[in-house]
Amino acid sequence: MAESRTFSRLKTVGELIRASSTIYTCPAHFEAEIKTFQVNNLHTAAVDITAKAVVSSSDVPILTTKSIAADAILDVLGTNSIALKASDTLVITAGTTNVLNVFLTINETYIG
């Protein structure tokens, strides 16, 4: 009988957003829980952000054109989380390029 092994790992992703960026793709053989999702506006003016998950090739909106004030930090999830399966992605679009810094904390679980 083959032994089933599962394990999980905590991962941090940080990225300066271009016009549109895929900031996370759940790896093959894993499920992922995005536990924190914060965005920092480094610009001197407000910047719009849009966020979506692409789940099984379908777009699922997370944020639809949310304005973030200059030097502000947006906690997108609060106490909620987002679950993704292998190949699902998280895509961010910024109204101004190279001024939004995104920070994620993700728990990935190996499912075989």
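# Notebook: an all-strand chain and its aromatic cluster

Phe-7, Phe-30 and Tyr-110 form one aromatic cluster.

**Ground rules.** I am looking at a predicted model, where local features need pLDDT of at least 70, side-chain atom pairs count only at pLDDT 80 or more, and totals for chains, interfaces and linings use all residues. I number residues from 1 along each chain as its sequence is written, and my side-chain values use heavy atoms, with hydrogens and water left out.

**Entry 1: the rings.** I noted first that a ring pair is described by the distance of the centres and the angle of the planes. My rule takes rings of Phe, Tyr and Trp (its six-membered ring) as paired if their centres lie within 6.5 Å; planes under 30 degrees apart are stacked, over 60 edge-to-face, and the rest tilted. The count by this rule is 3 aromatic pairs. Phe-7 and Phe-30 make an edge-to-face pair, at 5.9 Å centre to centre and 85 degrees between the planes. Phe-7 sits in the segment before S1 and Phe-30 in strand S3, so this pair ties together parts 23 residues apart in sequence.

Phe-7 is partly exposed at 43%, while Phe-30 is buried at 7%.

Next I looked up the pair of Phe-7 and Tyr-110: the ring centres are 5.4 Å apart and the planes are at 10 degrees, so the pair is stacked. Tyr-110 belongs to strand S9 and Phe-7 to the segment before S1, so this pair ties together parts 103 residues apart in sequence. Tyr-110 is partly exposed, with 26% relative accessibility.

**Entry 2: the whole chain.** I found 0 helices and 9 strands in the protein chain. The C-alpha trace spans about 60 × 25 × 20 Å along its principal axes. Of the 112 residues, 32% count as buried. I took contact to mean heavy atoms within 4.5 Å. Among contacts between residues at least 6 apart in sequence, 79% join residues at least 24 apart.

**Entry 3: the sheet.** What is the strand order in the open sheet of 4 strands? I read S2-S8-S4-S5, with antiparallel pairing; two strands pair if DSSP finds at least two bridges between them. Strands S2 (20-25) and S5 (58-68) are at the edges with a single partner strand each, so one side of each has no neighbour in the sheet. The twist averages 20 degrees from one strand to the next; axes are lines fitted to C-alpha atoms (for helices over the stretch in contact), with angles from 0 to 180 degrees between N-to-C directions.

I then followed S4 (residues 47-55). S4 is joined to S8 (residues 89-94) by 6 bridges, and Thr-50 has Thr-93 as its bridge partner in S8. Between S4 and S5 I found 8 bridges, again antiparallel, with Ala-53 opposite Val-60 in S5. S4 and S5 form a hairpin with 2 residues between them, and Ser-56 in the turn has a positive phi of about 50 degrees.

**Entry 4: the core.** In soluble globular proteins, nonpolar side chains tend to be buried together. Here a nonpolar core means buried Ala, Val, Leu, Ile, Met, Phe, Trp, Tyr and Cys residues joined through side-chain atoms within 4.5 Å. The largest one has 29 residues, and Tyr-24, Ile-34, Phe-37, Val-39, Leu-100 and Leu-104 touch the most other members. S1 (8-17), S2, S3 (30-41), S4, S5, S7 (82-85), S8 and S9 (100-110) each give two or more residues to this core. S3 supplies the largest share, 5 residues.

**Entry 5: a loop residue.** Where does Val-99 sit? Val-99 is in the loop between S8 and S9, and is buried at 11% relative accessible area. Leaving aside neighbours within four places in sequence, Val-99 contacts Leu-16, Ile-17, Asn-40, Asn-41, Leu-42, His-43 and Val-47.

Notes
Buried means under 20% relative accessible area, exposed over 50%, partly exposed in between (1.4 Å probe, protein chains only).
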